[in-house]
Amino acid sequence: MRLGEAEFVGAVREPGQAPPTRLPQIAIIGRSNVGKSSLINALLGRKGLARVSRTPGRTQEIHFYEVGGRFCLVDLPGYGFAKAPAEVRQRWEPLIQSYLSTSRGLAGVILLLDSRHGPSKDDRRMLDFLARLELPTLFVLTKVDKLSRGKRKARMEETRELLEIPEDQLLATSAVSGEGTKSLGDSVLAAVEEA
Ligand code: GDP
């Protein structure tokens, strides 16, 4: 099923600020440069809707995109960018944590992991945080076009084992080839239906 037209409806810039939507929300998060903006654009079928950053770690706002009048895709700032100044990091961590722990409309979270690397310390921290909140989480390995079929399979199995992810909660995607984006869209809609 197609997700429908996507429209930017607003941003949250301060911890505690109310989300600019009444629709159920699916948040998407990952470390800087994981390929989040590219995947959002591929998923929503619109180039340039989410900005593909040249300088990772710059976005410090939470962006809301209403999709097909049914749900809101929430683009959280990328975490774990080592070069970001301490005061910038201190601003966005409370922003992310506040949104995730207080938004009543949050139906689930998509955690992105770069398929070329194992999970980082920051990925594990985020995972622990999400687990504590008991939010339904879908895991996505990004940029799989960069891996051979064999490596891809091995990385999927390794990730599932390492992070104890059930089989149906791990997907592999490529914003370049479009692979996996339809499955991701279907999973997102299923999570919205369930909420
Ligand atoms: P963000 O910081 O997580 O939003 O990541 P971006 O979407 O800005 O992507 C970071 C870099 O990875 C850019 O140079 C993208 O062109 C590249 N990239 C993103 N997705 C893919 C993908 O699926 N395949 C490949 N080969 N490169 C990608």
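Let's start at serine 37: an N or O atom in its side chain sits 2.6 Å from an oxygen atom of the ligand. I'm calling that a polar contact, meaning a pair of N or O atoms within 3.5 Å; within protein, one must be able to donate a hydrogen and the other to accept it, and residues adjacent in sequence count only if both atoms are side-chain atoms. Before going on, please keep in mind that this is a predicted model, where local features need pLDDT of at least 70 and side-chain atom pairs count only at pLDDT 80 or more, while totals for chains, interfaces and linings use all residues. Residues are numbered from 1 along each chain as its sequence is written, and side-chain values use heavy atoms, with hydrogens and water left out.

Lysine 143 has a side-chain N or O atom 3.0 Å from a ligand oxygen, and a polar backbone atom of asparagine 33 is 2.9 Å from a ligand oxygen. On its own, the ligand has 580 Å² of accessible area, and the protein covers 78% of that (Shrake-Rupley method, 1.4 Å probe).

Now to helix H3, residues 121-133. Helices here are DSSP runs of at least four residues, and strands of at least two, numbered from the N terminus. At 1.5 Å a residue, the 13 residues of H3 should span 18 Å, and the end C-alpha atoms are 19 Å apart, which agrees; the expected span is 1.5 Å times one less than the number of residues. Which residues of H3 are buried? They are Asp123, Met126, Leu127, Phe129 and Leu130. For the cut-offs, buried is under 20% relative accessible area, exposed over 50%, and partly exposed in between (1.4 Å probe, protein chains only).

Just after H3, glutamate 134 takes a positive phi of about 55°. Proline 136, in the loop between H3 and strand E6, is partly exposed at 48%.

Last stop: glutamine 25 in strand E2, buried at 3%. Its side chain makes a 2.9 Å polar contact with that of serine 103, and reaches the backbone oxygen of leucine 23 at 3.2 Å.
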